[in-house]
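Hello,

The structure we talked about is below, sequence included. My notes follow it.

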Amino acid sequence: MTPELAAEHGLGPLAARQLRRAGENVPDRLLREERAGRTASLIAPALLKRAREAYDGPLLLLKGPELTARYPEAARRFGDLDLVAGDAEEAQAALLAAGFRLEERPRWPPRGYDDVRRPHYHLHPLEWPGLALRIEVHKRVKWPDDLRPPPNEELFEAAAPSIVGVEGLLAPHPHHHAVLLVAHAWGEVPMQKLRQLVDVLAFVDDDERSELRRLAARWQIERGWGSTLAVADWLVHGKPEPRLVGVWARYLRELREPNVLEMHVQEWLSPFWLTTPRAAARKAFHAVLRDLRPEPDQTWGGKLRQTIRAVTHPTSSTTEHYVRSGYRRSATGRWTRDP
């Protein structure tokens, strides 16, 4: 893997470590990624301590430092701190009262979400003045649309003290964390970033795979769990290529972003490798409707022009398509259209 590809897939610090151990020069881009990762790891404990002191309810740290600690020499970068709170609204208010402030964003919640019909899984991101590391207070864990996430109470009950060392701050049980990471890997483009797969493998011991599969089945994401591990084992461990790659994820063969045609095929077909046939059919139907209908505050004329661009440039990259359609990419990788 080239340094550019490693950085594109979120593995810049890990690639820098490998090059250094091999006695090779580390490119500037990977050095920047490495420094950013170290800076985030230095800042995180102080921010989490402030959050814990501001809010005295249950507080669960997802990913971030918990994942970084499982990488060799902590060679992983993170850009935010995800906290599941016992009462998200109360926690948000407490952090704002303690000096945190709302991160400047064009709009919140993002397009397609509202507070009643389709609430977003976390509240408006927060930041501490002068620091780039933001905090997201979660109402629940991130989970694929149309599927039911595990209850917060179950996560809190099985949680253990966080490795950060902040008193009273919790982290998910390792088995819970592994399945939660699979849910994250099924975002807008499932398993597009290699780091998502490496993250999952960091929590998977071979002798625990059966137990993890049973947990995924109980949380009704067994198919997604199996699909993710199959792809991770293929790309990382050299196991046989899973069938899903040839059906809707050919972009994984070259570790590139999907083109416009592949993006739509992925949206329509990938649900059948995530969940039960009935639930998958429902998700696929909703995906087709999203492609046919204009977005909120988008006109039918605007939707028609966007569709024509997609049909006339089917092999354009996702980035090229969204840029031509007037979208911009957020810090989290989500494409949004400005008002």
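**Notes on the model**

Thr 275 sits in the loop between helix H12 (260-269) and helix H13 (277-292). Helices here are DSSP runs of H or I with at least four residues, strands are runs of E with at least two, and both are numbered from the N terminus. Thr 275 counts as buried, at 5% relative accessibility. Buried means under 20% relative accessible area, exposed means over 50%, and partly exposed lies in between, with a 1.4 Å probe and protein chains only. Leaving out residues up to four places away in sequence, Thr 275 touches Leu 147, Gln 220, Arg 223, Ala 280 and Lys 283. A contact means heavy atoms within 4.5 Å.

Some background. This is a predicted model, in which local features need pLDDT of at least 70 and side-chain atom pairs count only at pLDDT 80 or more, while totals for chains, interfaces and linings use all residues. Residues are numbered from 1 along each chain as its sequence is written, and side-chain values use heavy atoms, with hydrogens and water left out.

**The chain overall**

The protein chain has 15 helices and nine strands. Of its 339 residues, 50% count as buried. Take the contacts between residues at least 6 apart in sequence: 62% of them join residues at least 24 apart.

**Helix H7**

H7 covers residues 174-185. Its twelve residues should span 16 Å at 1.5 Å a residue, and the end C-alpha atoms are 17 Å apart, which agrees. The expected span is 1.5 Å times one less than the number of residues.

How many of the twelve residues of H7 are buried? Eleven are, so H7 is largely enclosed by the rest of the structure. Among them are His 175, His 176, His 177 and His 184. The buried residues pack against strand S1 (59-62) and helices H4 (65-68), H6 (152-158), H8 (194-202), H9 (209-218) and H10 (222-237).

H7 and H9 pack at about 60°, with axes 10 Å apart. Axes are lines fitted to C-alpha atoms, for helices over the stretch in contact, and angles run from 0 to 180 degrees between N-to-C directions. The two helices are therefore oblique to each other. Angles under 35 degrees count as roughly parallel, over 145 as roughly antiparallel, 65 to 115 as roughly perpendicular, and the rest as oblique. From H7, the contact uses His 175, His 176, Ala 178 and Val 179; from H9, Glu 211, Leu 212, Leu 215 and Ala 216. By class, that is five nonpolar, two polar and one charged. Ala, Val, Leu, Ile, Met, Phe, Trp, Tyr, Cys and Pro count as nonpolar, Asp, Glu, Lys and Arg as charged, and the others, Gly among them, as polar.

The axes of H7 and H8 come within 9 Å and cross at roughly 170°. That makes H7 roughly antiparallel to H8. Leu 181, Val 182, His 184 and Ala 185 of H7 meet Gln 196, Asp 199 and Val 200 of H8. Four of these residues are nonpolar, two polar and one charged.

**Two positive phi values**

Most residues other than glycine have a negative phi. Met 191, in the loop between H7 and H8, has a positive phi near 60°. Met 191 is buried, with a relative accessible area of 0%. Glu 73 has a positive phi near 55° and lies in the loop between H4 and strand S2 (80-85). Glu 73 is exposed, at 61% relative accessible area.

Best wishes
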